[in-house]
Amino acid sequence: MKQKILVAGGTGYIGSHTTVELQHAGYEVVIIDDLSNSNRDVLDGIEKITGIRPDFIELDLKDKEGTREALKAHPGIKGIILFAASKAVGESVQQPLKYYRNNIVTLLNLLDLMPEFGIEGIVFSSSCTVYGQPDELPVTENAPIKPATSPYGNTKQINEEIICDTIHAGAPFKSILLRYFNPIGAHPSAEIGELPNGVPQNLIPYLTQTAIGIRKELSVFGNDYDTPDGSCIRDYINVVDLAKAHVIAMDRMLENKSDDRVEVFNLGTGRGVTVLELINTFEKGTGVKVPHKIVGRREGDIEKVWANPEKANQVLGWTAKETLEDTLVSAWNWQKKLRERGIQ
Ligand code: UD1
């Protein structure tokens, strides 16, 4: 048995897929989640896939004493992966204090407690949003950080800085900052996937809900960008591929494979895809039509961004493997499973 890992936010979308991959790799997982944007059924899904039910503590990580008690009750945790955060860009503009409080206090509490419990490393869930609209594409980790366009994006930048400053000041742990591009899809078993609250703001859940008939049509935000078909370009990364990168990052920290105490990696495919191309690929892969119309641009959208993932490819030995088509089919299978269960 490998070591024990705390997955903060482990019942969420990326957290649940990462828990599965950690368990497959032999790690023992303890999840802390306040269930503010997920539910307990996710634990059943994880157990169905891996045969192991992770330890689960329902707790708001802003509660430092509660977190301390949880760590005391689960001695021997060696690493943390921090997913727990609020993540709706639009809501963050409306309620900035909620975002600064949730996302930053959680990190501060964990960093404070890590030395007390001998926790050796933390993997932080960051985002390509820190690059804004990059001057050069594909974007490398050395690209300048641009002023954040939302409080949500700002919390990612601030948290990266907090981790770097704390480690440079001599804190006795390491960190790996993972900058995700656009995670999509679901586990191939369709036992876990993305479960947005209310009307989805992100492209894929809106698209699959439209394809199944919950939404009338998908709005494509803009066709007058400087891209081949005028719609925005993103780098869509399969969530299971993404989850696997976290296992490699954790191995790397705990096995002291690097002398650098903080490292940063882009996690993307290296391929930019337009919104219209993505819709076509979905229709081709599933045989299901997606009613859609072109509308105006969405405020704050980046025109085009995709990763240069070479550092992760070479240093971590990690590469995104799944095709876009298979990934979109997995998202569709998950949407159909939700329908079967009468959820969405
Ligand atoms: C945003 C955030 C990112 C965050 C991610 C997950 C920014 C700049 N980006 O990514 O940091 O990690 O959400 O919450 O803050 N689209 C449509 N119709 C829709 C929905 C989306 O055409 O109904 C288009 C968008 O214009 C965009 C693409 O689909 O081009 C992807 O959008 P979305 O899934 O919302 O992700 P991002 O905005 O890229």
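**Overall size**

I began with the radius of gyration: for 344 residues a compact globule would come near 20 Å, and the protein has 19 Å, which agrees. I kept in mind throughout that this is a predicted model. Next I took the extent of the C-alpha trace, which spans about 55 × 45 × 40 Å along the principal axes of the protein. Then I counted the secondary structure and got 11 helices and 13 strands.

**The sheet**

In which order do the seven strands of the open sheet run? I read it as E3-E2-E1-E4-E5-E6-E11, with parallel pairing. At the edges I found strand E3 (55-58) and strand E11 (262-267), each of which pairs on one side only.

I went into one pair in detail. Strand E1 (residues 4-8) runs parallel to strand E2 (residues 28-33), and five bridges join the two. Within this pair, Leu6 stands opposite Val30 of E2.

Then I asked which strands helix H8 touches as it packs on the sheet. Helix H8 (residues 239-254) touches E1, strand E4 (77-82), strand E5 (121-127), strand E6 (174-180) and E11. I noted the angle too: the direction of H8 makes about 160 degrees with that of E6.

I turned to the second largest pocket and noted a volume of about 170 Å³. Its lining has 16 residues, and the closest to the pocket centre are Tyr236, Thr269, Arg271, Ala320 and Glu322. Strand E10 (236-238) and helix H11 (324-340) are the elements that give two or more residues to this lining. By residue type, I sorted the pocket lining into six nonpolar, seven polar and three charged.

How many cavities of 30 Å³ or more does a search of the whole structure find? I wrote down three. The largest cavity holds about 110 Å³ of space. Of the 14 residues lining the largest cavity, Glu194, Pro205, Thr208, Ala331 and Trp334 are the closest to its centre. Helix H7 (203-211) and H11 each give two or more residues to the lining of this cavity. I sorted this cavity lining as well and got eight nonpolar, five polar and one charged.

Note on methods:
Residues are numbered from 1 along each chain as its sequence is written. This is a predicted model: local features need pLDDT of at least 70, side-chain atom pairs count only at pLDDT 80 or more; totals for chains, interfaces and linings use all residues. Side-chain values use heavy atoms; hydrogens and water are left out. Two strands pair if DSSP finds at least two bridges between them. Helices (H or I, at least four residues) and strands (E, at least two) are DSSP runs, numbered from the N terminus. Contact means heavy atoms within 4.5 Å. Axes are lines fitted to C-alpha atoms, for helices over the stretch in contact, and angles run from 0 to 180 degrees between N-to-C directions. On a 1 Å grid over the protein atoms alone, a cavity is a set of points where a 1.4 Å probe fits but cannot get out, and a pocket is an open set with protein on both sides within 12 Å along at least five of seven lines; lining residues have an atom within 4 Å of a point. Grid points are joined across faces, edges and corners, and a volume is the space filled by probe spheres set on the points. Ala, Val, Leu, Ile, Met, Phe, Trp, Tyr, Cys and Pro count as nonpolar, Asp, Glu, Lys and Arg as charged, and the others, Gly among them, as polar. The radius of gyration is taken over C-alpha atoms; the globule rule is 2.2 Å times the number of residues to the power 0.38.
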